[in-house]
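Take a walk through this protein with the model open beside you. Start with the overall layout, then move to individual residues.

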Amino acid sequence: MTDRALITKRDIRVFAALLVFALAAYAFFRLFGGGAEKARISVGGRVVQTADLNQDAEFSLEQNPNVRFAVRGGAIAFIGSDCPDKVCVRSGYLKYPGQTAACLPNRAVIFVTGASEDTDIVAY
């Protein structure tokens with residue numbers, strides 16, 4: 001056996017530096033990251049509606065009135081659907097650009113975007 005410590009002072013310094021960096025990044029994005037302002041709703045790959053996330057509302061799709069949405073506090077969510085699993089409803093509220101939720105049986109998808117239509121984030 002050796003008398004070497006499991007955690008050294010250098011390890012503690014590295015961990016503290018990483019923690020400070022993570023907290024600073026979190027604070028920066030919370031304060032200056034900004035939320036989304038719009039959401040596009042598509043059915044079958046075609047955008048059928050755009051929702052303003054700055055105005056609270058509840059609405060459904062003309063293509064399928066059983067698919068219902070709510071906009072509250074700058075976020076949007078599926079609040080009702082006639083699909084069997086309700087995964088879309090359980091996905092909760094989306095508020096940051098790039099977030100998406102889908103109701104696959106009804107082919108409905110929410111894309112949260114930024115202030116303009118070209119500021120969304122898409123990763124392939």
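The protein has two helices and seven strands. Along the sequence they follow the pattern α-β-β-β-β-β-α-β-β. Helices (H or I, at least four residues) and strands (E, at least two) are DSSP runs, numbered from the N terminus. This is a predicted model, in which local features need pLDDT of at least 70 and side-chain atom pairs count only at pLDDT 80 or more, while totals for chains, interfaces and linings use all residues. Residues are numbered from 1 along each chain as its sequence is written, and side-chain values use heavy atoms, with hydrogens and water left out.

How confident is the predictor? pLDDT is its confidence in each residue, from 0 to 100. The protein averages a pLDDT of 85, and 84% of the residues score at least 70. Residues 118–124 are another matter: pLDDT stays under 50 there. For that stretch the model has seven contacts beyond four places in sequence. A contact means heavy atoms within 4.5 Å.

Now the totals. Buried residues make up 27% of the 124 residues. Buried means under 20% relative accessible area, exposed means over 50%, and partly exposed lies in between (1.4 Å probe, protein chains only). The accessible surface of the protein comes to about 8800 Å², and carbon and sulfur atoms hold 59% of that surface. Such areas come from the Shrake-Rupley method with a 1.4 Å probe; for residues, only the protein chains shown count as cover. Among contacts with a separation of 6 or more, 32% are between residues 24 or more positions apart.

Go to the start of the chain. Leucine 6 lies in the segment before helix H1 (9–32). Leucine 6 is exposed because its relative accessible area is 82%. Leu6, Ile7 and Ile12 form a nonpolar patch on the surface, with about 380 Å² of accessible area together. Patches are made of residues with over 30% relative accessible area and no salt bridge; like charges are joined within 9 Å, nonpolar side chains (Val, Leu, Ile, Met, Phe, Trp, Tyr) within 5 Å.

Next come the strands. Strands count as paired if DSSP finds at least two bridges between them. Strand S1 (residues 38–43) and strand S2 (residues 46–52) run antiparallel, joined by six bridges. Valine 43 stands opposite arginine 46 in S2. The two strands form a hairpin with two residues between them, and glycine 44 in the turn has a positive phi of about 65°.

Stay in S1 and find serine 42. Is serine 42 buried or exposed? Serine 42 counts as buried because its relative accessibility is 4%. What touches serine 42, leaving aside its neighbours within four places in sequence? The contacts are Val47, Val48, Arg107, Ala108, Val109 and Phe111.

One of these, arginine 107, is found in the loop between S6 and strand S7 (108–113). Arginine 107 is exposed, because its relative accessible area is 54%. It has a positive phi of about 60° although it is not a glycine. Most residues other than glycine have a negative phi. Lysine 86 also has a positive phi of about 60° and is not a glycine. Lysine 86 sits in the loop between S5 and H2, and counts as partly exposed at 31% relative accessibility.

Move on to S3, S4 and S5. Strand S3 (residues 57–60) and strand S4 (residues 68–72) pair in the antiparallel sense over four bridges. Alanine 57 stands opposite valine 71 in S4. On S5, valine 71 stands opposite isoleucine 76. S4 and strand S5 (residues 75–80) run antiparallel, with five bridges. They form a hairpin with two residues between them, where glycine 73 in the turn has a positive phi of about 55°.

How many salt bridges does a search of the whole structure find? It finds one. A salt bridge is a side-chain nitrogen of Lys or Arg within 4 Å of a carboxyl oxygen of Asp or Glu. Here the side chains of arginine 72 and glutamate 58 meet (2.4 Å, N to O). The pair links distant parts of the chain: arginine 72 is in strand S4, glutamate 58 in strand S3, 14 residues apart. Arginine 72 counts as partly exposed at 39% relative accessibility. Glutamate 58 is exposed, with a relative accessible area of 52%.

How values were computed
pLDDT is the predictor's confidence in each residue, from 0 to 100.
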